Each structure stands twice: as C-alpha cells, then as structure tokens.
Amino acid sequence: MAEALQARRVLRITVFYVAVVLLWEFVTRLFQVPDWLVPAPSQILGVITEKNSVMLSHTLVTLEETLLGFVLALGLGVACAIGIVHFPLLRDTLYPSLIMFNSFPKVAIAPLFVVWIGVGIESKIANAFLTAVFPIVLNTIMGLTNMDPELLELVRSMSKSRWVLFWKIRFPYSLPYVFAGCKIAISLAVIGAIVGEFISGRSGLGYLVLSANNYFNTPMAFAALLYLVLMSLALYGMVILAEKFMLPWYRREAAG
Amino acid sequence: MEESIRVDRLSKVYRSRDGTEVEALREVSFTVDRGEFVSIVGQSGCGKSSLLKILAGLLSKTAGAISIEGRELSGPRNDIGIMFQKPLLLEWRRVLDNVLLPVEIYRLNRKEYEEKARRLLGTAGLADFIGKYPFELSGGMQQRVALCRALVAEPSLLLMDEPFGALDTLTRQKMGFELLRLWDQWKSTVLFVTHDVDEAVMLSDKVLVMSSRPGTVLGAFAIDLPRPRQIFAKDTAEFIQFSSRIRRCLWEEAADG
C-alpha cells in the first residue's frame, strides 16, 4: 500500500518535470526565442555532451572549495559553540560579535579576502567558510543549551563533573542540532564559493557562468547552472545520508 | 532496625532575586529504616519535590541535618538512585546502555554490571527490548527502563518523585507491583513521593503526610498490611481504613488552610 503510494508519487514528479522540459522546448521553438536569451533544453544538452569533461573539471574546482569551506565551518563552528557555552568570557565577547557578523551580508566581505589572501582557491574557501559557519554555530549552541533541565538534574545527582555532563549528555544531545545546521550550511557554502569565483575566479562553475555570460554564451551558462544544481543537491543528500547513518536513534516524528 | 535516612528539623527557604522569601519546608523531621518503603503524600506545592531534591544532593538546605546511611549528606553520591515522573532516557543510547549510565558515571566495572542490568531488564519484562532505542518503546516501558537504571548500581536508597504519575491508571498499578517485586529482590530503602493516597498505601510500610507551604510532616502512618501485596488488598477493610485515615489527615489540613 505504502509502496504503491510511493510509486505513484515518483511517477507524478517525473511526469511533471518531463512535461516542463517538453513545454520549454516547444515554446522556444514555436516563438523562435534566440539562444542568447533563453536556450532550448536540446541546446543545453548539446553543450553538456560536447563539453562534459570541461564542465566536470570546473565542477570539481567548485566542489573542492565548497567542501573545504564547509569542513572548516563545521570544525570551527562546533568548537566556537562549545567554547561559548562553557566559558562566560567567550559568551560575552565572541558570541555578540558572531551575532553582529551574522546580521550583515557576508558576501560584501568577499572582495577583501582577495586583498588579504589572494586570488587563489584560499579566498574562495574563506568565503564558503564565512557564509556557512553561522548556522552551524547558532544551531550547535541551541543544541548544547536547549535541553530538559530535569535530565541535567538526573545526571547531576550522579556526578558534579562538567566533563561527564558534556561527553555523556550535552554533546550527543546536540548532534541533531549540529546536523540541522549542516543542512543549511552546505547550501550556503556553495553560494560562498560561487561568489568568490565571481569576484576573482579563473576556474569553477561560478567563473564559468560569468564568462559564458560575458560572451552571450547563454546555453553554456545554463549548462553550468545545471551542474551547480546537481552538485548542490548531491552535497545536501550526503548530509542527509550522514545523519541517517550517524543518528539512527533520531526520529523527528518521535521527538517531543 | 538500622536507620537509612535521618532528617532532623530540615528547613528550606527559597529567596528570589527581588528579596521575597518562600518557605518550602519547615522543621521537617523523620527517619526511615533500612530496607523500608516509605511514601510521602501531600498536595502539589507542599515541598515534597524540594525534599527529594535536597536528599539527592541537587538542592542546598537552609537549616537542619540530614544523614543517609550514617553519613552526613553533602552533594551527589553514588549510593542513591533517583527516578522522576519523566523517564529521561538518553535517546541516542539503546536500552541496555541507558541502564548502564550510572555504572559508567561511577566508573564501575561494566562487565560485572552488564550481567546485573540484563537480569534487571529481564525481571522488568524487557528482555526482548535490550537492543532497542527509547523511541521504539511505550511510555510504561520507558519508565521501567528508568527504574532499572535507578537500581543498577545497587543504591542503598531509591528516591522516586511521582514516578508513575504520567501513566494511565492500569499501567500505573502494574508498575507499582513490578516495583515491589524488584524491591523485594534488591532490598534498598525507598522514598516514594506521590499525591495518590491509594498508591501510597498499596506500596508502603509507612506513609508520611505533608502539609502545604510551608511543608511540615502532619502525620506518619504505619501500614501493616501483609506482603506480598496484591491488587485485591484494595478491597479489604484494613486498606480502606488506612487510606481514609490518611485522606482525612490531608483534608483537615486543606480545610484549615
């Protein structure tokens, strides 16, 4: 029963997207829309088959920047959150600065990274890191503090050690929150990397979109966007898989 | 009989930030013998939870003296087991590892206590659920896991704060008898807080009645019903007499207040 329902959903979604693509193809042909304005799906497909290896190498560049920025954001983000929760000095200094930073558009700092660390991959990683780190810090802080006070009492009745409380309770309790932060952060890291490439890139999908645009090669720009979407989705899917694998005990429906 | 708990003129005053004081407990005194099952009944807000938290080392006292197993109370100690109204299981641990939490925290020998944990879980009817996560269990089962966790390190004193209060009546009665069965095997002293008079009479050797704010001990009733207790004991004249005397004690207080 559930499987039949699932199959019907898959079918419905597939039919919808195939219909959209066909309609798009039909409209661009019927009205002879110029390809520098909106290319037909068949033209985009042409670019992809012809230039696939080039596209893939640009995708790998962006993937590397995104992943390194994300991993940095995860490591430093969780460390910052733990520090902020445990040390009043950090809570009163680092935390307000983070909130302040978070409330302004991070991409505005991107040109400065070029001045500070050059036009290489480092400035893109820094950009991906900066856009991705905040949701991880904020979610982890929430996970470390937002727990049942009676659970804390139960553990405190057994031990006064903060170390025990942290490793046995607070940290594992916060993991679903860390993952919630990661789900937001991974997509933001892609944005950060792309903006970095817009500003000073010589390779990567963001660079490709920009240079294709400059030459009015819109089919190429569309193809690059398609690779970008697929890369973004794959990364998001990997976070979801990692969560399922690492937190088999966590069920949203059962929570609360 | 040896004494397990001695509480001597214990008082607790909460001070809020604006300087107002709330007197939660006033000169509470009682003793509990080793291996005795004692219930505390009283209206909500009579300070019975405060009393339990002080005994658990979670809350400081304002005045008075407490000794448990002959030692003056000063903070958390590993010969006390505790159970709340909520099961408070760790969602990320399977049933067996939840039960072994105190063993880990007290740094006891895991191997030795794993056997004990398995036996406890078996007695509690959870043998088939040892490898499950908490979200896969019903509320009553979760509370039984919490009970096993409270007992695993063989505490000399078990503190229970309305442990079955969130369960439906039938499950609640069944849990009571299961508790008695486990208690019979593990022989710790039990201090059981409840607002259900029948539950208190059914389970206890002694029932303490507490007044509401400030909490004082109004009366102590020895329940000399035969053990093992059975559900039908509820319909006997002795049982009804005990519970009606306790109820009267509670009601007179409520009428005065």
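The contact between the two chains takes 16 residues from chain A and 18 residues from chain B, two residues being in contact if their C-beta atoms, placed from the backbone, lie within 7 Å. On the side of chain A that touches chain B, helix H6 (149-156) and helix H7 (162-200) of chain A each supply at least two residues, and the largest share, 5 residues, comes from H6(A). Helices (H or I, at least four residues) and strands (E, at least two) are DSSP runs, numbered from the N terminus. By class, this side of chain A has 7 nonpolar, 2 polar and 7 charged residues, where Ala, Val, Leu, Ile, Met, Phe, Trp, Tyr, Cys and Pro count as nonpolar, Asp, Glu, Lys and Arg as charged, and the others, Gly among them, as polar.

This is a predicted model, in which local features need pLDDT of at least 70 and side-chain atom pairs count only at pLDDT 80 or more, while totals for chains, interfaces and linings use all residues. Residues are numbered from 1 along each chain as its sequence is written, and chains are lettered from A and ligands numbered from 1 in the order in which they are written.

Lys168(A) lies in helix H7 of chain A and, once its neighbours within four places in sequence are left aside, is in contact with Val155(A) and with Ile105(B) of the other chain. Lys168(A) and Val155(A) are 13 residues apart in sequence, and their C-alpha atoms are 9.1 Å apart in space. Lys168(A) counts as partly exposed because 19 other C-beta atoms lie within 10 Å; a residue is buried if 20 or more other C-beta atoms lie within 10 Å of its own, exposed if 12 or fewer, and partly exposed in between, with C-beta atoms placed from the backbone.

**Chain A as a whole**

The secondary structure of chain A comes to 9 helices and 0 strands. The domain assignment gives domain 1 (1-32) and domain 2 (39-246) of chain A, with bounds that come from an automatic or database domain assignment, and the centres of these two domains, taken over C-alpha atoms, are separated by 32 Å. Chain A has a radius of gyration of 23 Å, whereas a compact globule of 256 residues would have one near 18 Å; the radius is taken over C-alpha atoms, and the globule rule is 2.2 Å times the number of residues to the power 0.38. Along its principal axes the C-alpha trace of chain A spans about 75 × 60 × 30 Å, and buried residues make up 30% of the 256 residues in the chain. Among contacts in chain A between residues at least 6 apart in sequence, 78% join residues at least 24 apart.

Within helix H3 (residues 88-102) of chain A is found Leu90(A), which is partly exposed because it has 15 other C-beta atoms within 10 Å. Leaving aside its neighbours within four places in sequence, Leu90(A) is in contact with Gly83(A), Ile84(A) and Tyr95(A).

**Helices of chain B**

Helix H1 (residues 48-55) of chain B is mostly covered, with 7 of its 8 residues buried, and this helix is followed by Gly57(B), whose phi is positive, near 80°.

The axes of helix H4 (residues 110-123) and helix H5 (residues 139-152) of chain B come within 10 Å and cross at roughly 145°; axes are lines fitted to C-alpha atoms, for helices over the stretch in contact, and angles run from 0 to 180 degrees between N-to-C directions. In this pair, Tyr113(B), Lys116(B), Ala117(B), Leu120(B) and Leu121(B) of H4(B) meet Cys148(B), Leu151(B) and Val152(B) of H5(B), and the residues of the contact divide into 7 nonpolar, no polar and 1 charged.

**Backbone exceptions**

Most residues other than glycine have a negative phi, and most peptide bonds are trans.

| Residue | Phi | Place |

Phe216(A) is exposed, with 12 other C-beta atoms within 10 Å, whereas Glu69(B), with 18 C-beta neighbours inside 10 Å, counts as partly exposed. A cis peptide bond, with omega about -5°, joins Arg227(B) and Pro228(B), and Pro228(B) has its place in the loop between strand E10 (217-222) and helix H8 (237-256) of chain B.
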